[in-house]
Amino acid sequence: SLPLDKSAQIESYCEKGLNAVGGVWTHFVQFFDEAIEFFSGEVQGDSDYSQKIRITPPTRNKSAWTRVEVAFDKLLVEMNALAKTLNALYKGLTELVEVGLGDFEALVAQLNGQVRFIVDAGEQLNGIVSKPSDKMIYWADVELRRAGRARQPRLTLSAAPLHVGPLMKQHLWEGKDAVVMTSATMRTANSNNRARRSANRYNHD
């Protein structure tokens, strides 16, 4: 069993984590409500299908976008608080594992992944809403509720790099002895130079 002081500490972290999850959920809903309200005014026509809307500097300069930013700022505070609490719990459980108290290896690994996910999600949303990178492209997929249909409005916010080469170099090429890539369209005009440039790879076939 765990020492009483460690048990109380872990219990405190869990309680704080539950409270933080509630805060994130509340502001998450408020943020997406504001975002849906904004993009409802950006949708063109009366289509039953989702529409993709680029999120660009002119989009963010519209006065109605301020409400989206304010809601996101509140959400980000809660996300950071949750990440901080989970990270403290992760460190506490890691210490117990290192001294042989408790079988928490799987939980520690999950917590580590969740902390990274929350931090990454916050950074991606921050880029979409307030601090875009010129190396990324941002867009929203919007599907509104139409008259006579019970379906709720749906909104997906996305971000993607304009050039994937540096990411492929970091996560695929470096540290590996060999990588096999196959595709029916890797060669254009009887050359694979375009694929090499896109993949940031020049010195191997």
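Start by selecting L172. Not counting residues up to four places away in sequence, L172 touches L167 and V179, where contact means heavy atoms within 4.5 Å. L172 is found in helix α5 (residues 165-173); helices (H or I, at least four residues) and strands (E, at least two) are DSSP runs, numbered from the N terminus. With a relative accessible area of 28%, L172 is partly exposed. The cut-offs here: buried means under 20% relative accessible area, exposed means over 50%, and partly exposed is in between (1.4 Å probe, protein chains only).

Before moving on, a word on what you're looking at. This is a predicted model, in which local features need pLDDT of at least 70 and side-chain atom pairs count only at pLDDT 80 or more, while totals for chains, interfaces and linings use all residues. Residues are numbered from 1 along each chain as its sequence is written, and side-chain values use heavy atoms, with hydrogens and water left out.

**Zoom out**

Switch to cartoon. How many helices and strands does the secondary structure come to? There are six helices and three strands, and along the sequence they follow the pattern α-β-α-α-α-β-β-α-α. The protein has 205 residues, and 30% of them count as buried. Among contacts with a separation of 6 or more, 67% are between residues 24 or more positions apart.

**The α3 and α4 pair**

Now color α3 (residues 65-98) and α4 (residues 105-129). Their axes come within 9 Å and cross at roughly 160°. Axes are lines fitted to C-alpha atoms, for helices over the stretch in contact, and angles run from 0 to 180 degrees between N-to-C directions. That makes α3 and α4 roughly antiparallel to each other, the word used for angles over 145 degrees. The crossing of α3 past α4 is left-handed, meaning that the near helix is turned anticlockwise from the far one by less than a right angle. By class, the contact of α3 with α4 has 23 nonpolar, six polar and two charged residues. Nonpolar here covers Ala, Val, Leu, Ile, Met, Phe, Trp, Tyr, Cys and Pro; charged covers Asp, Glu, Lys and Arg; the others, Gly among them, count as polar.

Stay on α3 and pick L76, which sits in that helix. L76 counts as buried, at 18% relative accessibility. Draw a distance from L76 to G122: their C-alpha atoms are separated by 6.3 Å, though the two are 46 residues apart along the chain.

Next on α3 is T85. Is T85 buried or exposed? T85 is buried, with a relative accessible area of 13%. Beyond its neighbours within four places in sequence, T85 is in contact with Y13, K16 and G17.

**Into the core**

Show side chains for the largest nonpolar core, which has 39 residues. Such a core is a set of buried Ala, Val, Leu, Ile, Met, Phe, Trp, Tyr and Cys residues joined through side-chain atoms within 4.5 Å. α1 (4-40), α3, α4, β2 (136-143) and β3 (154-161) each supply at least two residues of this core, and α3 gives the most, with 13. In soluble globular proteins, nonpolar side chains tend to be buried together.

Which residues have the most contacts inside this core? They are F31, F39 and L157. Pick L157 in strand β3, which is buried with a relative accessible area of 17%. Leaving aside neighbours within four places in sequence, L157 is in contact with F31, F32, F39, I55, L125, I128, W139 and A140.

**Last stop**

Select F38, in helix α1. F38 counts as buried, at 6% relative accessibility. Leaving aside neighbours within four places in sequence, F38 is in contact with T59, K62, A64, W65 and V68. Finish with a distance from F38 to R67: 29 residues apart along the chain, their C-alpha atoms are separated by 8.6 Å.

Definitions and conventions:
Parallel < 35°, antiparallel > 145°, perpendicular 65-115°, else oblique.
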